[in-house]
Structure formats: C-alpha cells, structure tokens
Amino acid sequence: MLGMNVKQRTIQSEISISGIGLHTGKAVNMTIKPAPEFHWYKFKRVDLDGAPVVAVDADNVSDTSRGTTISQNGASISTIEHLMAALVGLQVDNVLIEIDGPEVPILDGSSKIYVEKLREAGFVDQDADRDYYEIKDNISYVEKERKVEIIAMPLDGYRLTCMIDFNSPVLGSQHASISNISEFTNEIAGSRTFCFLHELESLLNHNLIKGGDLSNAIVIVDKEVSKAELDKLSGLFNKSVDVASEGILNNIQLRYQNEPARHKLLDMIGDLALVGRPLKGHIMAARPGHAANAAFAKKIKAQIKRDKNRKNMKVYDPNMPPVYDTVQIMKILPHRQPMLMVDKILELSETHVVGLKNVTMNEDLFMGHFPGAPVFPGVLQIEAMAQTGGILVLNTVPDPENWLTLFLKIENARFKNQVTPGDTIIFNCELLEPIRRGIARMKGIGMVGDKVVSEAELMAQIVKVKGN
C-alpha cells in the first residue's frame, strides 16, 4: 500500500458537531466540509465579520500554553489538536472547518467522537496523489531545561513513539507507540486529556477550564488530599468526587493503563498537522508538549523549504549549450549594458525559465555601491529575475522584439544572502497561474550554489512597442 501512489481524500458529506470549549466554556457549532485537493486543513470563523480563514500551519501558531492555538487574518482558533489528530489518524487530507466560536469543542477530551463522526460521513478519493513529506535525514529538537527530545527518522510509513515522565509517584514514566497510522483509531483516538489535581484549582483561579466538567479529563492525584479539598472540588464541579485506587479522581475510569502517554501521542499527531502535509517517518518523543510539538513542526517545515530550494537549484554546466546566449537575449529583450542583467537562458518551457547572471567586478555599479566591500544590490537581483521572467512571457508572442515587459507588482521580496563579485546567480522563475491578457504572475528564486540569495513574486505585463 505505501509503495503505491495513494490518492488524497476528503469527506463524502458535511458533518455538524456542537459542544463546549474546554477553556472558554463557550458553546460552539462546527461544520466540517469537504475541500479540494492540496487544501489541507483550514478553519473559517463564520461568527466574525468577513468570515476570516485560519490555516492549520506552524507559522500561524500563536499560543501553546494549554493547547494549540492558531491565528491568522485577525481570527484565532484554540484547542485544535484533538480534531487534527482525528483527521490525520483517518488519513483525511483536505477539509474546511466552519466554526462559530474561538475554541474547538472538547467533547469527551479525546479524538473518539471526532473519529466516529468522520467515519459516519465517509471518505472520497480525489484525483491527486497524497502529498507526503518523506523524512530523508534525521531531524531533531531538544529543550535541555525541560528535558524534551523529539527526533524524526526516515521510514516508509508513519510510526510514533512517545515517553512521558512527570516525576510523580502516581504518574511516573509511561510509554505509548503505534507502528502505523492505521492503528490510531483503535489504540490512540479514545485517550483523554489529563491534568494534575494541583493544577485544577490554579486553572479555575485563572479563569480557565470553564468547559471542564470532570467528564472529559483524567485528574491525577499525586498528593494527600483532605476531605475539605474534595468537598470544595465537589462544589466547584457540582459532582461528588473521591480518590480512586489508581491515584486519580473517581470522576472517570481509565480506558487504558497508560492513557496519559497515549493522549500525549494523540496530541503529538494532532500538533504535527501544523507541518501542512501528511508525513512519512518514525517520530520518537520524550516528554513532548504543545510548545515543543509546534516548534518541531516548524523545524520540519524549514527542512521542507530547504529541500524545495535544493530541488530548485540548477547545477550549471558550462559545456551545455544554452537555450539563448547574450546575443540572442538582446534580440528578445530591449535592455542593453549596463541594464542587461541576464547572460544566458539555460532552460525554457511554457511554465518556467532558468536564467544565469555572472556578477563581475567590472560592472559599473561597483564604483558606487560599497566600493570597499562590493555587494550586488538586491533591487538589481529582482531586475535580473524579472528580465529572466520576461523571456518566459515574451516567448508567448510571435515577434518578441516588438514588445516590452513592464512590472505591475512585486510581492514578498526577500533577500537571504549577499551576492559579491565572482558569484554566478541562477534565476528560476515559474508561473503561478496561466498567462491571461499578457499578464503573468511568477515566483522567482535566485540562487548562488545551494544558497537562496533572493526570492519574490512578480506580476508583469507585456505591451506592444509604440509604432510597431
């Protein structure tokens, strides 16, 4: 199964779920809807003006103190991890979650009800292959002061191992693991959230767990508790409580002897949805929490970006004849020295172009641009990138010498590393959408060796030269 091309999938029909947010205590209504390919998971706050959308993405994490909160476009959604775990565990790739409040319902404190509802709705395969990110090399994350360690290793599958250790006489060291994500439903989904008794009153005093009613959390008792304290808790929760023999409050019975460790594994599966793609790899974690999980998801995302840049990297072979040399480029582009910024075109298709710029000390600009420490200006890198992209756009008209390419917009321009004399910049421009009415939107990346030096999204339009 894993060796074959697995298709992306979404749900067959909408699902509506209502419940209370654990920390806000607010009733929320949620509708999970099918979504197109490569959509991943997004929330839509239908209760706010403009119904802003918040993408499940590590870059959008805004808080991890008592669960995972994401924020974007002026909206926030908290405690997303149990729903995310259900989606990942059932290998659903694309859904839109409409919600009329700031927090996902806690339900029974696990992913169980979400899994049941999703399975009832059924799944439908989509045309595109599942967009796995395969861990190629070990990726590790360490927090020495908290003794947190997480490592991802290559594996053709998704295996997770989790160890918790709370230095508590009741909840000491526990392990949980699954060797395949297909085990999630039976082994992990039903594990409920937990907290220590000493945290309960603190949480209540800080106006948190307003939605906690002692039916959706395991409360671990790791100290002597007086009758007065138990009576006070009984009053707070409007329910008679006592300490069971396992060292937990008798509000609920454990579903598994190692339920806390299994729940930490559940949280980890949910939080790693922040990578924005399904994963292939073996992930081992010691003492993980939401902050560490989110930081680890960011680390995987950074590695994905590096891999993508490496893929964009073009190894220049001077023995290969270019698609266009400088003389041929001058027949297409109207630019001349000192404003001709492209020396060769190495690749050209209907959707992408690769150009080359040799930076030499002989360029006029170095007389005035930091003569003692010459640096090739970022704005001229963007100009060179745009000229490379201009070749791609002009390639769509029969008489390119009679047209000009003009900038309409530059967005998300970033400069990552200096370019100095002796460097060769390779520019790779790809269309973000088909050219319409002579207008092209492109993503450009400039690289020197394996380092990204500049990147930007460009919008340009070709216009006829007057008199032609």
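Two strands are taken to pair if DSSP finds at least two bridges between them, and helices (H or I, at least four residues) and strands (E, at least two) are DSSP runs numbered from the N terminus. By this criterion, strand S3 and strand S9 (residues 95–99) pair in the antiparallel sense over five bridges, with Ile 32 standing opposite Ile 97 in S9. The structure is a predicted model, in which local features need pLDDT of at least 70 and side-chain atom pairs count only at pLDDT 80 or more, whereas totals for chains, interfaces and linings use all residues. Residues are numbered from 1 along each chain as its sequence is written, and side-chain values use heavy atoms, with hydrogens and water left out.

On its other pairing, S3 (residues 27–34) joins strand S2 (residues 15–20) in the antiparallel sense over six bridges; Ser 16 stands opposite Thr 31, and Ser 18 opposite Asn 29. S2 and S3 form a hairpin with six residues between them, and Gly 25 in the turn has a positive phi of about 70°. These strands belong to an open sheet of five strands in the order S2-S3-S9-S4-S5, with mixed pairing. The edge strands are S2 and S5 (53–55), each of which pairs on one side only. The twist averages 25° from one strand to the next, where axes are lines fitted to C-alpha atoms, for helices over the stretch in contact, and angles run from 0 to 180 degrees between N-to-C directions.

Helix H1 packs on this sheet, touching S3, strand S4 (41–45) and S9, and its direction makes about 140° with that of S4; contact here means heavy atoms within 4.5 Å. Helix H2 (residues 112–121) lies across S2 and S3, running at about 165° to S2. H1 (residues 81–89) is mostly covered, nine of its nine residues being buried, a term that denotes under 20% relative accessible area, as against over 50% for exposed and partly exposed in between (1.4 Å probe, protein chains only). Just after H1, Gln 91 takes a positive phi of about 55°.

The largest nonpolar core has 75 residues, of which Ile 32, Phe 43, Val 56, Leu 83, Met 84 and Ile 283 touch the most other members; such a core is a set of buried Ala, Val, Leu, Ile, Met, Phe, Trp, Tyr and Cys residues joined through side-chain atoms within 4.5 Å. Domain 1 (7–188 + 261–306) and domain 2 (194–254) both give residues to this core, so it lies between them, the bounds coming from an automatic or database domain assignment. Apart from this core lies another, of 35 residues, among them Ile 329, Leu 340, Phe 366 and Ala 386. Beyond its neighbours within four places in sequence, Leu 83 is in contact with Met 30, Ile 32, Phe 43, Ile 97, Val 104 and Tyr 114.

The UniProt annotation "binding site", from an unreviewed entry, covers His 82, His 263 and Asp 267; in such records, positions are given in the numbering used here, feature names are shortened, and annotations may be inferred rather than shown by experiment. Although spread over 186 residues of sequence, the annotated residues cluster in space, the largest C-alpha distance being 9.3 Å. His 82 lies in H1 and is buried, with a relative accessible area of 4%. Asp 267, in helix H6 (residues 259–271), is likewise buried, with a relative accessible area of 7%.
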